Amino acid sequence: MVSDNGQQPETPRSEPRFWRSLADWEGDPQFLSRVRQEFAPGAEWWIDQPSRRAFLKRMSASFALAGLTGCVRQPKEEIVPYVQTPEDFVPGQTLFFASAMAQPGGAIGILAQSHEGRPTKIEGNALHPASLGSTDTYAQAHVLNLYDPHRSRVVRTGDRLSNWPDFTASLQPHLDEQRAQGGSGLHVLTQGIISPTLQSQLRAFLDLYPQARWYQYDPSLSTEAPRGVELAFNTKATPHYKLADADIIFSLDADFLGEGVSRVRLAREFAARRRYLKGDAAKMTRLYVAETTPSITGASADHWLRLTPGQLSGAIVALAKEIGLNVEAISVAAADQPSEATSHWIKVLAEDLKAARGRSVIIPGPALPAAVQALVHTLNSELGNVGQSVTFHEPIDAVPNAKPGTIVELAKAIDDGQVETLLVLGFDAVYTAPAELNLAEKILKVPFTVHYGHYVDETAAVCEWHLPATHELEEWSDVRGEDGTVTIIQPLIAPLYDGRSLHELLNLLVGNVDSSGRDTVEKYWREQFGADAEAKWKKSLQDGVIADTASKPVNVTLAGNAAEVIARNWIKETSSGELFTLVFRNDVNLLDGRFSTNFWLQELPRPISKLTWGNTAWISPASAAKLNLKNGSHIAIKRADITVELPVWIQPGQPDGVLTLSTGHGRQIAEADVVGVNVNPLRTVANWWQSFAEVESTGRKTVLATTQDHHLMEGRDLVRVGSLQQLQADPEHPEFMHVGHGHFPPKDKEGNYPTLYPDRPEIGPQWGMSINLGACTGCNACVVACQSENNIPVVGADQIRRGREMQWLRIDSYFAGEPESPEIYHQPVTCMHCEHAPCEPVCPVGATTHSDSGLNEMTYNRCIGTRYCSNNCPYKVRRFNFLDFRTETKEEPVLQLLQNPNVTVRSRGVMEKCTYCVQRINSVRINAKIEDREIRDGEVVTACQAACPSQAIVFGNVADKTSEVAARKADPLNYGLLEELNTRPRTTYLAAVKNPNPKLVPVATAKEHG
């Protein structure tokens, strides 16, 4: 709330002050002016700016229609009945099939939901060790990739459409020639292969062509991480971190909660040790984070240190000295030596780590240099963590008796004239490769080239042939999880287009043309199963995991010369002069670009920055001021003869002199708009994740599509956070729960403020939700799950700029402290389903009403679009369809297959919001009624709750005092958002609890004020 003159109120506030953006922090007059407006500027404007006569004409017709019919007009549609009903088909009944989604470094187990034979939703598989029943944003958006209208549909040669028989006829002479010469001119480029069947097929291919070369290149994975293990232990192995066994965690530039295939499991383990519920005696873990780019892992830390890449290296050397390792041979540049404050921070960390030997863990970021990784592994070994909180396993992408080459070696082989036939299988190598390789020009030199992939992309454009790939929901395959556990991938739908699986393509290459994908996978596993193969095959399909397939642990011991090897490989390169350090990170939504046409992920606000639709260069406030930059100002980044221009985002907590660039943007795909800027050309072969460049302002500016300042509830105490020490001092009445929140009348015995509104009758279950802010990591899985479940439309960047985003669930980010080194907190906000809802009495047509079970309901065909309800909602959680956002769905029939048939698709002029997934409530209610029983606690699971990796969300019957949600609401940490307004929200929060070390400056906690 602001005063009439636009200034922040002078009423006492809790300390520290929470702020949403730099403009909020600075008290920018334009920002304060926007805050005073009910909606974002432009939210009320029509796109076409009609004349007054046209507007009145349309509105009069609309009101006449509403008065006559009281209904929203739906488009005409045709339906076609089944000629023959499929076996076991029950109309309206949802089926689930266990499968998996392959990601870089491993797969995550999923349950794919099918409605009448079409996949519509993804849930987690509780039996899969990487899922544990939850999902991430990629898995939730997996189904949209299936129906992506930009997918490749047919075989192409050059600019002509073709077919598989023609391709086979063109390929065969080249295969015959290569077979005669042992395959010496046959070269294959793939990403990491984590399918056991595919590994077996590749081995058979290499046996058939013994002189053929296989190259492996995964642009989203670091080669430094496996090299670091090899430097430390002189063996090939993959680390597996177990946070459940760690009391002290130190993350060195590792966003383990936000990136990597382990993030769902690690978030579950981390959150389990961070909850402090009433009566919970479990010891809370403590997290230290030192990193360059602010991340959700850093936001979850008890102590957070921001350092440049060079300073990170200096910090780990200083920590090694404190632990007692001899690192005198490692040379650290003067600029990278820890400051006095950093040295104190490291000393306290070292004390914590040594006190928790065998119960601590240090996690290195995958992009760190191999020598730094090796030093971290050495520290874990010295602390007794190896075999306890970190174990090592066999790599899951190894092909028996085959060592892949690198993309650099492939480029050299082309230059040397060794490549006669090139197969690029499964990805866009040209887009992701560093510019210095000139890969596109090199591929054009090869006599016969083939690209196999999901899109007609930049690699397809320079290859003679392009072959369409099937989606994982259309094919048979198998895949290993991070720990090696195998899942059989089974199709839910026949291929929508003329694509084939990679198994079928490899069968073609070895002459096994009659074997289908299922035949290949099933044959391989029946041989592995041996006795009772049929029962094991069916069990594996049903469970989504193949028993006893996890990779074997590797017993590692430090190499005798590890210290010498680390010192010899230490990176000494640091920035100098006016050069900026460039840090490259996989985009948290688009990864390496494989999700660039996924509109859900493009429109999903990134954690912390809340940017959508495009990328920026993250820059610190001080560096931005030095170059006279504002958010959206364009900069030119120059490295050697390469210049890339893109806008900046001034990110609190970003180190000075460092730019963070997100990959995955700017892909060129046939018939798709280019979104964002491709920064891959700035990368170098020598160091894939870091570079140095000149930076200057261009004078141009872009209005960024960010939601950071949307839906503000400023001037109010929304986030509550305290320390473990404060909570233990007074468990029943923690100090931080009762300060800075005004002086209000005493609550009654039910915990409610007095009201003039009559209490509503409660009939049947009373639904409510609790969100634990201490467990929430801000990962966004819940947001995409809600969008997928409830047919929420995508609106595009222009509408985002106007404040018209449609996601029912948002995650607000709050900062506390100075912009140079703030603390960050996340708060999911959805409809509160208030018992005294302000939206209900103001609706002139009764479109928003209260149900007997406590739901705030929307009746879409009554809504006439006055938006009074949204105006009266203090939480800003209602979304209005200003336009017909279903246009693309109507124009692309394939997108209609994506819709959840149990949720109404809304039209223009209709208000919508969170429904607590009422369709799921009704489904459980019907089943319970059929079985003549009450609904069980935990039986109704909302989409956001099901997706949440950290189990921060609990939903249930608050009238059942034995339910988990009722127990949470009785906890001393429970509070309602803006409860002083006496709306009595059914969605409440548990305050975040941090576990700071008293020897360091404590985290932001509310303090008593007068």
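I take contact to mean heavy atoms within 4.5 Å, and I keep that meaning in mind for every packing note below. The model I am looking at is a predicted one.

**Entry 1: helix H19 and what follows**

I began with helix H19, residues 533-543, where I found Ala533, Trp537, Ser540, Leu541 and Asp543 to be buried. I then looked up what these buried residues pack against, and the partners are strand S2 (95-103), strand S19 (486-489) and helix H18 (517-529). Following the chain onward from H19, I came to glycine 544, which has a positive phi, near 85°.

I went on into the loop between H19 and helix H20 (562-568), where serine 551 is found. Is serine 551 buried or exposed? I read a relative accessible area of 12% for serine 551, and since buried means under 20%, this residue counts as buried. Leaving aside residues up to four places away in sequence, I noted that serine 551 touches His393, Glu394, Ile396, Asp483 and Gly484.

**Entry 2: helix H24**

Next I looked up helix H24, residues 781-789, and found 9 of its 9 residues buried, so the helix is largely enclosed by the rest of the structure. I listed them as Ala781, Cys782, Val783, Val784, Ala785, Cys786, Gln787, Ser788 and Glu789. Just after H24, I noted asparagine 791, which takes a positive phi of about 55°.

**Entry 3**

I traced two partners of S23. Strand S21 (residues 617-619) runs parallel to S23 and is joined to it by 3 bridges, and in this pairing tryptophan 618 stands opposite tryptophan 649 of S23. Strand S22 (residues 633-639) runs antiparallel to S23, with 6 bridges joining the two, and here I found arginine 639 opposite isoleucine 642 of S23.

How many residues lie between S22 and S23 in their hairpin? I counted 2 residues between these strands, and in the turn I noted alanine 640, with a positive phi of about 55°.

**Entry 4: a sheet of four strands**

I then followed an open sheet of 4 strands, whose order is S34-S27-S36-S35 and whose pairing is mixed. Strand S34 (953-957) and strand S35 (974-976) stand at the edges with a single partner strand each, and therefore one side of each has no neighbour in the sheet. On average, neighbouring strands of this sheet are turned by 30° against each other, when direction is ignored.

**Entry 5: the protein as a whole**

Last, I stepped back to the whole protein, which has 31 helices and 37 strands. Of its 1010 residues, 59% count as buried. I noted an accessible surface of about 41,400 Å², of which 51% belongs to carbon and sulfur atoms. What share of the contacts between residues at least 6 apart in sequence joins residues at least 24 apart? The value I found for the protein is 75%.

Definitions and conventions. Residues are numbered from 1 along each chain as its sequence is written. This is a predicted model: local features need pLDDT of at least 70, side-chain atom pairs count only at pLDDT 80 or more; totals for chains, interfaces and linings use all residues. Side-chain values use heavy atoms; hydrogens and water are left out. Two strands pair if DSSP finds at least two bridges between them. Axes are lines fitted to C-alpha atoms, for helices over the stretch in contact, and angles run from 0 to 180 degrees between N-to-C directions. Buried means under 20% relative accessible area, exposed over 50%, partly exposed in between (1.4 Å probe, protein chains only). Accessible areas come from the Shrake-Rupley method with a 1.4 Å probe; for residues, only the protein chains shown count as cover.
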